[in-house]
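Welcome, and open your viewer. We will take this structure one selection at a time, beginning with the ligand.

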Amino acid sequence: MREELLAALRLQLDWGVDEALEDAPIDRFRAPAPVPVAAPPPELAQPAIRAAPAAPLPPGLPPAVLAAGSRAAAAQDLAALRQAIAETDSPLRDTATNLVFADGVAESGLMMIGEAPGADEDRLGRPFVGLSGQLLDRMMASIGLERSRNFYLTNILPWRPPGNRTPTDGEITLFLPFLLRHIALVRPRHIVLLGGTPAKSLLRAKEGITRLRGRWHQMETGEGKLPALPTLHPAYLLRSPAAKREAWMDLVLLRRTLDGDVASG
Ligand code: URA
């Protein structure tokens with residue numbers, strides 16, 4: 001027990017936590033509240049994820065995006081959606097090695113959306129398995145959430161952009177219908193947006209991530225609004241460790257929201 005407490009303290013110091021945010025301590029060893037639903041790892045072909053009605057796309061989009069929209073709308077479960085993405089022509093598909101669809105527990109109620117796969121993700125076909133993914137897992141563990149039980153992960157883009165460059169607007173627009181369908185099929189109660197690319201494109205915001213983070217937004221999914229919390233991308237935290245303090249505050253907000261102590265909208 002003493003070692004666990006020291007480890008938790010070391011993590012906080014490492015993260016730059018240098019002041020108490022609450023008057024009363026939060027007991028993080030208390031049995032987790034309703035959010036975490038113990039569930040087996042996702043089998044994409046499982047019928048547990050029900051088909052949801054597809055949202056209509058706005059008119060005037062390029063034909064490739066309209067075609068992507070129809071293909072996405074036709075997908076009645078996650079396996080079909082994955083297949084539809086795999087069959088969609090894109091220069092990214094030609095340069096990537098593996099399609100990176102999702103990981104974690106689709107039924108958990110918490111969906112986290114990153115930017116795009118990197119080299120490790122491309123090699124293994126799973127999101128957030130490289131250094132930034134390992135940091136993300138440690139961050140989530142610090143608020144009692146595990147990828148194998150409590151959250152689900154995907155990206156704006158399912159293919160790695162060459163050289164890890166930032167996704168272009170055209171790439172984001174092409175794959176957006178698939179992401180919105182992904183959200184409709186998974187039906188999360190809360191969404192976390194990891195970094196500026198998902199935050200700006202999904203919240204249709206002009207501000208950068210440093211202005212958007214730290215509070216819940218109402219994200220339009222095409223089928224209604226969902227609470228979305230933008231936060232700093234773990235890859236940014238690896239480059240700028242001083243920003244872990246802000247990330248920690250976002251995690252506390254997420255935990256308190258999941259516990260029902262704070263409203264998300
Ligand atoms: N960064 C992301 O945004 N997504 C990944 O899957 C890995 C790194």
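A residue counts as near a molecule or strand if one of its heavy atoms lies within 4 Å of it. With that in mind, select the surroundings of the ligand: Gly114, Glu115, Ala116, Glu121, Pro127, Phe128, Ser132, Asn155 and His233. You are looking at a predicted model, where local features need pLDDT of at least 70, side-chain atom pairs count only at pLDDT 80 or more, and totals for chains, interfaces and linings use all residues. Residues are numbered from 1 along each chain as its sequence is written, and side-chain values use heavy atoms, with hydrogens and water left out.

Stay with the ligand and pick out some N and O atoms. A nitrogen atom of the ligand lies 3.1 Å from a backbone N or O atom of alanine 116. Next, the side chain of asparagine 155 has an N or O atom 2.8 Å from a nitrogen atom of the ligand. At histidine 233, a side-chain N or O atom is 2.8 Å from an oxygen atom of the ligand.

Now show the strands (DSSP runs of E, at least two residues; helices are runs of H or I, at least four, and both are numbered from the N terminus). In what order do the six strands of the open sheet run? The order is S1-S3-S2-S4-S6-S5, with mixed pairing; two strands pair if DSSP finds at least two bridges between them. Strand S1 (103-104) and strand S5 (217-220) are at the edges with a single partner strand each, so one side of each has no neighbour in the sheet.

Zoom in on S1 and strand S3 (residues 152-155), which pair in the antiparallel sense over two bridges. Here glycine 104 has tyrosine 152 in S3 as its bridge partner.

Finally, select helix H3 (residues 78-86) and helix H7 (residues 169-186): they pack at an angle of about 175°, their axes 10 Å apart. Axes are lines fitted to C-alpha atoms, for helices over the stretch in contact (heavy atoms within 4.5 Å), and angles run from 0 to 180 degrees between N-to-C directions. On the H3 side, show Leu78, Leu81, Ala84 and Ile85, which meet H7 residues including Phe175 and Phe178.

Technical notes
A polar contact is a pair of N or O atoms within 3.5 Å; within protein, one must be able to donate a hydrogen and the other to accept it, and residues adjacent in sequence count only if both atoms are side-chain atoms.
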